[in-house]
Each structure stands twice: as C-alpha cells, then as structure tokens.
Amino acid sequence: MTTAEIVFTALGVVAVGAGVLVVTTRQIVHAALWLVVSFGALAGMYLVLTAEFVAWVQVLIYVGAIVVLLLFGIMLTRAPIGPGEGMDSGNRLPALAVAVGTAAVLVTLLVRGFKDARIELEPGGGSADALGEAIFREWVLPFEVLSVLLLAALVGAIVLSKGRARTTAAERGSAGPDAGARGSSPGSKGRER
Amino acid sequence: MRDVVALVLVTVAFLTLPLIIGQAEHKVMAHMQGRLGPMYAGGFHGWAQLVADGVKFAQKEDTVPAAADRRIFLLAPGVALVPYLVVLAVVPVGPGQVAVDLSLGLFFALAVMGIGVIGSIMAGWASANKYSLLGGMRVAAQLVSYELPMVLAAASAAMAAGTLNLSGIAGAWQWWWLVWQAPAAVVFFLAGLAELRRPPFDMPVADSEIIFGPYTEYGGLRFAFFLLAEYAGILVVCSLTTVLFLGGWQGPLLPGFLWTLIKVFLLAFVVIWFRVAFPRLREDQLQRLAWVYLVPIALGQLALTGVVKVVTGA
Amino acid sequence: MRPGLAKGLAVTLRTMMKRSGTRQYPEVAPDLAPRSRGVIALFEENCTVCMLCARECPDWCIYIDSHKETMPAEGSARARSRNVLDRFAIDYSLCMYCGICVEVCPFDALFWSPEFEYAAYDIAELTHERDRLREWMWTVPPPQAHEPNADPPKELR
C-alpha cells in the first residue's frame, strides 16, 4: 500500500466512525459536531484523490454552512445539554436495514462496475480549471438541470413562507383592530432608519 | 528547510501581529475618545499591556460551569483559534513569499475561516447559559447571512484575476482595480467584519444586553484564546482584503512584504476606527444590511466583472 | 450611504489628532479650582467652643469636648471663666463636604484646604483629631483676590 492509500483508508475509517457516532450519540449537538468530523474526513479523502476544489467546497458548504444551519436549528429547539429524550427512534432496525442495504447496493455496484480497475491520479486533475472545463464543456446539461432543481426548491421555500405569512396576517387581522398596524410596523421602522 | 522557516515565521506572525493590533486598538480607541489608554505596563506608553493581560489570564482559574457540556465547552476556544492560524499560512506577503502556496488558496481561506465560527457556536451552546445560547444563535444567523456576500465578493476578485491562487490574484492586480473592484472590496471587508463579530456588527456579544454572548461563562486562558481569535481574525480579514483588492505586496520603492504589512495595518486601523465611530447594528438591521444591500451589490459586481472580462477579452 | 456615518468617522479622527485631556494624576498634580473643598482645617486659637459647627453639621461628624476654666480676676467679685478645647475631631468617613461648618463658624476657626490625599486603610484613621486638623491649617491657601470690578469687601467698608 502506498502512503496515499494508507491515509485514504485512515480517513475513511474516521469518516465512517464519526458517521456511526452521529446516529448513536444520545446528545443531539454532539451528533451535529460529529458530522463536522465526518465531513472533514471526507474532505481529506477528496484531497488525497487530488480533488482539491471539491474538498474545499465540501468544507465551505457542509462544515461552514450546513452544520451551522443545523446547529442554529438545534438551538431553536428545547434540546437539553446531556442525553436527550427522543434521541432513539422506534424505526431503529428498519433504518439499519435500509442503511446496510444501500451500502450493499453501492458497494456491489462499484465492485462490479470497476472491479480492480485503477485510475492514475494526476496532480491538478481536480483543480478548479479542470473541473470548470468538465462541467461547462461536457456536463452542461446535467449542471443546468440541477440548477433548475435548486431554483425550484428556492421558489418552493419562498412560496411556503409567503403562504404562512398570509394566513398568520389574516389571523392577526381577526384578532384585533391594532393587530394589522403592529404587523406592518417593522417594515416602516426599517424605512425610517 | 525553506518550508520550516516559513511556517515558523507564520507562527511568529500569528503570535505577535494580533497583539500589535490589540495594542493599537487600546491606544487608537483611547485617543479617539480623548483618553490616553494604557500608560504604565512596560514603562513606555503601556506597550506591554497585553503581555500583562496575558499573564493575568494565565493565572486565573479554569472554571467550567457545572451544567455545561464539558468536553465541547473545553474544546470551543481551540476550534475558534486554530483556523485563523491555518489561514495565515496561505496568505502571501510578497511575490513568492508564502508559507503554503495552494492553487485554491482563496477557497481554502474562506472555507477554513467558516470553521472558526463553529467554535463560537459550540461555546454558546455548551455554556448552559441563556445569554450564551442567544449569542450563539446570533453568531450562527450572522454567519449564514454574511458568508454569502463574502464569497461572492471574493469570487469577483478571483474572476478578475482569472485564478483562485492568492499569490496569483495579488500579482494580477492593477491600480484601476481600486475603482473596478471597489464595491466588491467594500462588501468583502464589511462581511469579514461581520463574520468576526466586530463592532458595529457585534450583536452576538452585545455586552449591554447579553453580557458577552457565547463567551459569558469563559474565564482565564480560554477566554484569552477567544480574544486572541478575534484579533487574529482581524489580521486574517485585513490581509485577505489586502491580497484580493489592494494588490498585496504591490507598491513603489519599499520591499513587498513591507507594503503588505502597511496595507494590513491601515485596514486594521479602519477596523478599530469603525468600532469607535459606529453604534451597534440591531439584529434586524444587521440582516437587512446583508440581504438588501451587500448580496445585491456583490451580485452586481460579479456581473460587472464578468462583462468587463468578456469585453476586454482577457 | 448616510452622511452620519462619515460624520462619525470625521469626529473620531479629529479627536484622535487632538491632544487628549487626560492628566497622569500621580505624576502630574491636578489643577484644582480655587476654593476646592479637600479637607477642613482647624485654627484652634480662634475656636471658642461655641459648638455651632457641631450642631449645624448635617451628619454629625464633628466631635467637640471641652471644659470650663475659671481664673480669678483681680478686682472682680466673680472669677472669669472661659471654654478650653479638649478635643476637636472631624470624621471624614461621615463628612459630606457641604462646608456648612466653615460657613457658620463665627470666629473663622475652620477653613477649607485643597489637600485631598488622605485616604486610609482603616476607617478609624479617617477621623482626624485636633493636631491633624491643625496641620491642615498650613496648607490653606490665601483667600482669592477679588474680581477687578467687584465691590470692595464688606469688612473694609
């Protein structure tokens, strides 16, 4: 085994171990933080595979934004410090079965698809230039389809939040005569500023 | 050998420059308020004040609240501090003078800086204190809002230079970028300040309402680490702004690294100046500034950069 | 951008360029205003033990003990008597520096001195006895000159 392979395997162990801890820990914030470790190890694996750009994007998006958002969400709940109630689901066994099944399918697919084919890693193969060329020359259509999907999700989020706001405004309107004025005050205050 | 020397130099810079910025903050802030600031420690104009503070912090007891999430509480200051040290290693101070020359240095710097903020969120959560929790939530909300304009503004500079390498961006800089990239520079600097939770964006640590936000329960050396992280953060944001938008080492007469230092300290002065001159933004004003002003400006700048690049055919 | 932002920056920058008004106190003595109320000095010779000061003091911080001495007066049926001061003390931990005692003293036995450095580690030491109050007397500055166009002092009229 070469050094790269050893490092890759070690990082894989860390990533999988942290992932297992995410689902087994009984403290919800610890789960989110183990996720950081898992994502970090994953980024390290990308680095070993010379996919530099993907690695840093992994850190920027997943560690820097997604986990922060998760933590933000957890802080909004009544999650306690220390082992929390309801951290165990009744679906434990089915979930385990699904996870093992998915892993088995993926592993089988990879093993059958690639067997022992080896891809020589060339330094710079995963650089921003190479990646940009690949995405915008060969894979433009999937890229655009994905962006449409994300746009749809964005529009959906806006529609959902708007709909909620309208109903609450209506409720408020029926609650009392001054409710409407209160509802509109933050905006007008913002303008005065 | 060269690498070792470079890393030692980066460590030395990491340990001294934030202290210099901190001391400058003491003195500049004092004089802007018609005071003198520290005058006794060390004899000459209180130059050793921060050393004295450090000694004081080191002597204090390392307390952990009984209800705190102990391990996370203890880990948080390190998570807050180390990323800035790592980022400093990729910042070029002169042509070819950089400890670690990454081809994706810009992305690396932005990604790692985001990790530092997790330290504050961890602290806010693990302290078992409602003020800390409020502070932690504000940190998270602020990071989510300001990460976007910051990355967009940085992308504009990268687009203008045609590279993500920090040395490459500083090398490609021309004087007219000062005009062309001015909106991006302003957006990047302001978003960087917000990410550091420096005044006027210090809502997460607003001492008059939530004591000291995520750091309320900290004392002694761990608290000092958070403070050091703040000043190291100023150093990092200022040096990134210098490299991306002010041409890094470029300048007449003086050697390159001196120009870098001069620009970084000028920006650090502006950071301190903002702290003295402006009152704290309210939480809604903070979010408004990010989403209503900074993000559109950054997007517009990105479009402008793209158009100019295509038209000039570079 | 709002003009207020630039104004804030300008004000702070201008203040930074100016000399700061701070006086480094232990090294540089402060310029005290004339008639500063630092400590009350006692000029014993003028005291008649009339007790006006002790009675007027709002927080009763002046302690006066005395006894009466009689001396035979020649050619007089009754001996002459006079009050002799045994103790005169001001408790500065109670004193609120209102200066009423100085105002009411009919014989000019109490004076304001600008000295203020008499902090002590023990609250009991803040009660200045007679001899200490007398020492303060030598720090009392001469009365201020009148304003150029002021009325002449009443005593001289």
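This is a predicted model: local features need pLDDT of at least 70, side-chain atom pairs count only at pLDDT 80 or more; totals for chains, interfaces and linings use all residues.
**Overview of the two interfaces**

The size of an interface is often given as the accessible area lost when the parts come together.

| Interface | Buried area | Share from carbon and sulfur atoms |
|---|---|---|
| Chain B and chain A | about 2700 Å² | 80% |
| Chain B and chain C | about 1200 Å² | 69% |

**Chain B and chain A**

In this interface, 31 residues of chain B are in contact with 27 residues of chain A. The area buried between the two chains is about 2700 Å², with carbon and sulfur atoms giving 80% of that value. On the side of chain B that touches chain A, four helices of chain B each give two or more residues: H3 (70-88), H4 (105-126), H5 (130-161) and H12 (283-312). H4(B) supplies the largest share of this side, ten residues. By class, the side of chain B that touches chain A holds 24 nonpolar, three polar and four charged residues.

**Chain B and chain C**

Here the contact draws 15 residues from chain B and 13 residues from chain C. The count of salt bridges between chain B and chain C is zero, while three residue pairs, both members at pLDDT 80 or more, are in polar contact. Two helices of chain B, H1 (2-32) and H11 (256-277), each give two or more residues to the side that touches chain C. The largest share of that side, five residues, belongs to H11(B). Its residues divide into eleven nonpolar, three polar and one charged.

**The largest pocket**

Rolling a probe the size of a water molecule over the atoms shows where empty space is left. The largest pocket holds about 1600 Å³ of space. Its lining comprises 39 residues, of which Phe53(A), Val57(A), Ile61(A), Phe107(B) and Val151(B) lie nearest the centre of the pocket. The elements that give two or more residues to this lining are helices H3 (52-76) and H5 (128-138) of chain A, together with H4 and H5 of chain B. H3(A) gives the most to the lining, with eleven residues. By class, 30 residues of the lining are nonpolar, seven are polar and two are charged.

Methods:
Residues are numbered from 1 along each chain as its sequence is written. Chains are lettered from A and ligands numbered from 1 in the order in which they are written. Side-chain values use heavy atoms; hydrogens and water are left out. Contact means heavy atoms within 4.5 Å. Buried area is the accessible area (1.4 Å probe) that two parts lose on being put together, summed over both. Ala, Val, Leu, Ile, Met, Phe, Trp, Tyr, Cys and Pro count as nonpolar, Asp, Glu, Lys and Arg as charged, and the others, Gly among them, as polar. A salt bridge is a side-chain nitrogen of Lys or Arg within 4 Å of a carboxyl oxygen of Asp or Glu. A polar contact is a pair of N or O atoms within 3.5 Å; within protein, one must be able to donate a hydrogen and the other to accept it, and residues adjacent in sequence count only if both atoms are side-chain atoms. On a 1 Å grid over the protein atoms alone, a cavity is a set of points where a 1.4 Å probe fits but cannot get out, and a pocket is an open set with protein on both sides within 12 Å along at least five of seven lines; lining residues have an atom within 4 Å of a point. Grid points are joined across faces, edges and corners, and a volume is the space filled by probe spheres set on the points.
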